[in-house]
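Let us take a walk through a protein chain together. Keep the picture beside you as you read, and look for each part when it comes up.

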Amino acid sequence: MASKLLTKHDLVYLTEDASHDEIIEVINAEAFGPGRHTRAAARIREQGPHDRSLSFVCADDGETIASVRMTPVFAGDVKGHLLGPLAVRPSHKNRGIGRELVRIAIDAARRQGSEAVILVGDPPYYMPLGFEKVAYNALDFPGPVDPGRVLVVPIGKDVHPRLKGVICWRG
């Protein structure tokens, strides 16, 4: 009689701290490659640090296997946060870890009083998580971006009409 191999996965979601920096860089390099630093969203992140209190990692049995970061931004008149990068190690993809990190980050931003969570991403992935399309070409990014991939979770009042103009780091 064949026995089943049982594997135990202890997934833990933690607030990011400086000890995670090196592995997060490895995870992002695996997910996005060397071109990740040339993207418009990366240009915003270069303007100032992300908010560690709203950035999270997932660990599996003590090993960090995924992360999401949130950067404070002004998007037109909206005081919000730019979500990303979101990355999960290939060994742990398609298990809902990325979706859970997004949910945790949005909830944390809401509790902190953020008016919106914005990202550049795939609508089929993010729209079921509460994201909506931003008006076409409403936000001016510091580099080329596909306007159809600019998404937002509006948290504050009248967010959509106020998402017009430059998006930049908010210190």
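What follows goes from the whole chain to some of its individual residues.

Keep in mind that this is a predicted model: local features need pLDDT of at least 70, side-chain atom pairs count only at pLDDT 80 or more, and totals for chains, interfaces and linings use all residues. Residues are numbered from 1 along each chain as its sequence is written, and side-chain values use heavy atoms, with hydrogens and water left out.

Begin with the overall plan. You can find five helices and nine strands in the chain; here helices (H or I, at least four residues) and strands (E, at least two) are DSSP runs, numbered from the N terminus. Their order along the sequence is β-α-α-β-β-β-α-β-α-β-β-β-α-β. With a radius of gyration of 17 Å, close to the 16 Å of the globule rule for 171 residues, the chain is as compact as a globular protein of that length. That radius is taken over C-alpha atoms, and the rule is 2.2 Å times the number of residues to the power 0.38. The C-alpha trace spans about 65 × 30 × 30 Å along its principal axes.

How much of the chain is buried? Buried residues make up 44% of the 171 residues, where buried means under 20% relative accessible area, exposed over 50%, and partly exposed in between (1.4 Å probe, protein chains only). Now think about which residues touch, a contact being heavy atoms within 4.5 Å. Of the contacts with a separation of 6 or more, 69% are between residues 24 or more positions apart.

Next come the charges. The chain carries 22 positive and 21 negative side chains, with Lys and Arg counted as positive, Asp and Glu as negative, and His and the chain ends not counted. There are twelve salt bridges, each a side-chain nitrogen of Lys or Arg within 4 Å of a carboxyl oxygen of Asp or Glu.

One of them is between Asp21 and Arg52, at 2.9 Å from N to O. Asp21 sits in helix H1 (residues 21–32), while Arg52 is in the loop between helix H2 (40–45) and strand E2 (56–60), so the pair links distant parts of the chain, 31 residues apart. Asp21 is partly exposed at 31% relative accessible area, and Arg52 is partly exposed too, at 29%. Shared partners join Glu16, Asp21, Arg52 and Arg69 into one network of salt bridges.

Helix H1 also holds Glu30, whose partner Arg89 lies in the loop between strand E4 (78–88) and helix H3 (97–112), so this pair ties together parts 59 residues apart in sequence. The closest N and O atoms of Glu30 and Arg89 are 2.5 Å apart. Glu30 is partly exposed at 39%, whereas Arg89 counts as buried at 15%.

Finally, look at the backbone. Where is the cis peptide bond? It joins Gly84 and Pro85, with omega about -5°, and Pro85 lies in strand E4. Asp61 has a positive phi of about 50° although it is not a glycine; this residue is in the loop between E2 and strand E3 (63–75) and is exposed at 61%. Asn137, another residue other than glycine, has a positive phi near 60°. You will find Asn137 in the loop between strand E6 (132–133) and strand E7 (139–140), exposed at 55%.

Methods
The place of a charge is taken as NZ of Lys, CZ of Arg, CG of Asp or CD of Glu.
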